[in-house]
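Work through the exercises below with the structure open beside you. Try each task before you read its solution.

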Amino acid sequence: MSFDLDPAVRIALRLSLALLLLAASHHKLREFEAFRSAMANYRLLPDRWTRVAAAGVASGELAVGIALLAPGLTRAAAGAAVALLALYTAAIAINLIRGRRDIDCGCAGPRARRPLSGGLVARNAVLMLVAAACALPAAGRPLVWLDGVTLVAGVTVLVFLYGAIDASLAHAPRLRALGGSKA
Amino acid sequence: MIDALIVSNVLLWVLVIVLSGVVLALVRQVGVLHERVAPAGALVLGDGPRAGEPAPVLELEDWNGRSLRIGGADPGGRSTLLFFLSPSCPVCKTLLPVLDSVRSAEDRWLRVLLASDGPRPEHEDFVREQGLSERGYILSSALGLAYRVGRLPYAVLIDEGGVVRATGLVNSREHLESLFEAKERGAPSVQDYLERQRGERRVA
């Protein structure tokens, strides 16, 4: 049994994911030293490997982001995106299990310190679903002008909503520190 | 019919974009609010004698060579406010008038002392300019070490029995007053006080 995704939806998801990965690799490469030390803080690799690994992760993100924009490479790029996200999620989950919630996740740039949380794991799970959806075959339907509207509007809304959800995740620990609700 | 659906679809997209933009803006405003309401009292640093512990007893001399004792029970039954400052710290200077008003308003129960360290010549201009020689100016590195003062301006409130009641980094009159509040309410910090209040509410 195969499930075909509507081409407009597929393109919208693909573009959004590409934008997300490009933005993420941009801040990682721009402030590489901060990202390297965030990564060293995960304590998953010996210290002398963190530089290579951090460079690999940041340039991998960049490569996958660009590949997602190329129509011919979508399936391979989507698979790589799932693998990359699975890697992050595993690293976060391992440190959550170790009880090291206070380290910076390194996922939002050095200025936005963000501790690890279950919310990050859930967020990555949703992103992995999006990436997996991009790998589904598209239904053969000719695109019409209205699909252009869907595409532009859909990507804009996804970017806004991602920003809003990400910011709420960042606020949650501060809300807890204020001693308010346990939300 | 199809035209109507297209119009409604485009219109809905526009509204969804506006709505998600508003949500994003609101969430960001929440972030700004969090930054503004952050710690309201004096920031308590980790080291040194904590609130509730006895203050180390030190025999020292003030600027004019008069000996005085810090720590231990006070014979006059007064509390002591130790204010750590340095000539090179601009915020400390802005707090000197506040300390003067505290000194005159709370003289009945409070002794205000200014503490700094370093070679005396470096302090001479500062003491003369600000007229500090009669205001309990102490030069002693032992004092700063005893309370592990790492950042300035720092204040320590010791009660009449020689017990540290509150400590913290003070940058404003509010921070200084939070130390007196701490002594009055028996809670070493604002955070502690709020925590306790919540506990009481839960019990009630």
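Predicted model: local features only at pLDDT ≥ 70, side-chain atom pairs only at ≥ 80, totals over all residues.

**Exercise 1. Describe the make-up of chain A.**

Solution. Start with the count. Chain A holds six helices and zero strands. Next, read the order. From the N terminus the elements run α-α-α-α-α-α. Then look at burial. Chain A has 183 residues, and 28% of them count as buried. Last, take the contacts with a separation of 6 or more. Residues 24 or more positions apart account for 72% of these in chain A.

**Exercise 2. Check the length of helix α5 of chain A against its number of residues.**

Solution. The helix covers residues 118-134, which makes 17 residues. Now compare.

**Exercise 3. Work out how the buried residues of α5(A) are arranged, and what they pack against.**

Solution. First list them. The buried residues are A:Leu120, A:Asn124, A:Leu127, A:Ala131 and A:Cys134. Seen down the axis of α5(A), they fall within an arc of 60°, so they line one face of the helix. An α-helix has 3.6 residues a turn, so residues three or four places apart point the same way. Now turn to the other side. The face of α5(A) away from the buried side carries the exposed residues A:Gly118 and A:Val126. Finally, name the partners. The buried residues of α5(A) pack against α1 (7-30), α4 (74-97) and α6 (145-178) of chain A.

**Exercise 4. Trace the five-stranded sheet of chain B and find its edges.**

Solution. Go across the sheet. The order is β5-β4-β3-β6-β7, the sheet is open and the pairing is mixed. Strands β5 (137-139) and β7 (164-169) of chain B stand at the edges. Each has a single partner strand, so one side of each is left without a neighbour in the sheet. The twist averages 20° from one strand to the next.

Now look inside the sheet. Strands β3 (residues 79-84) and β6 (residues 154-158) of chain B run antiparallel and are joined by five bridges. Here B:Leu81 stands opposite B:Leu157 in β6(B). Helix α5 (residues 173-185) of chain B lies across β6 and β7 of chain B, at about 160° to β7(B).

**Exercise 5. Describe the hairpin of β1 and β2 in chain B.**

Solution. Begin with the strands. β1 (residues 58-61) and β2 (residues 67-70) of chain B run antiparallel, joined by four bridges. B:Leu58 stands opposite B:Ile70 in β2(B). Then inspect the turn. Five residues lie between the strands, and B:Gly65 takes a positive phi near 85°.

**Exercise 6. Is α1(B) largely buried or in the open, and what does it give to the contact with chain A?**

Solution. Check the length. The 36 residues of α1(B) should span 52 Å at 1.5 Å a residue, and the end C-alpha atoms are 52 Å apart, which agrees. Next, count burial. One of the 36 residues is buried, so α1(B) lies largely in the open.

Now take the interface. In all, 17 residues of chain B are in contact with 14 residues of chain A. Helices α1 (2-37) and α6 (190-203) of chain B each supply at least two residues of chain B's side. α1(B) gives the most, with 14 residues. By class, chain B's side has 10 nonpolar, four polar and three charged residues.

Definitions and conventions. Residues numbered from 1 in each chain as written. Chains lettered and ligands numbered in written order. Buried ≥ 20, exposed ≤ 12 C-beta atoms within 10 Å, placed from the backbone. Contact = placed C-beta atoms within 7 Å. Nonpolar A, V, L, I, M, F, W, Y, C, P; charged D, E, K, R; others polar. Expected span 1.5 Å × (residues − 1). Arc of directions from axis to C-beta. Pairing = 2+ DSSP bridges. Axes fitted to C-alpha atoms, helices over the stretch in contact; angles between N-to-C directions.
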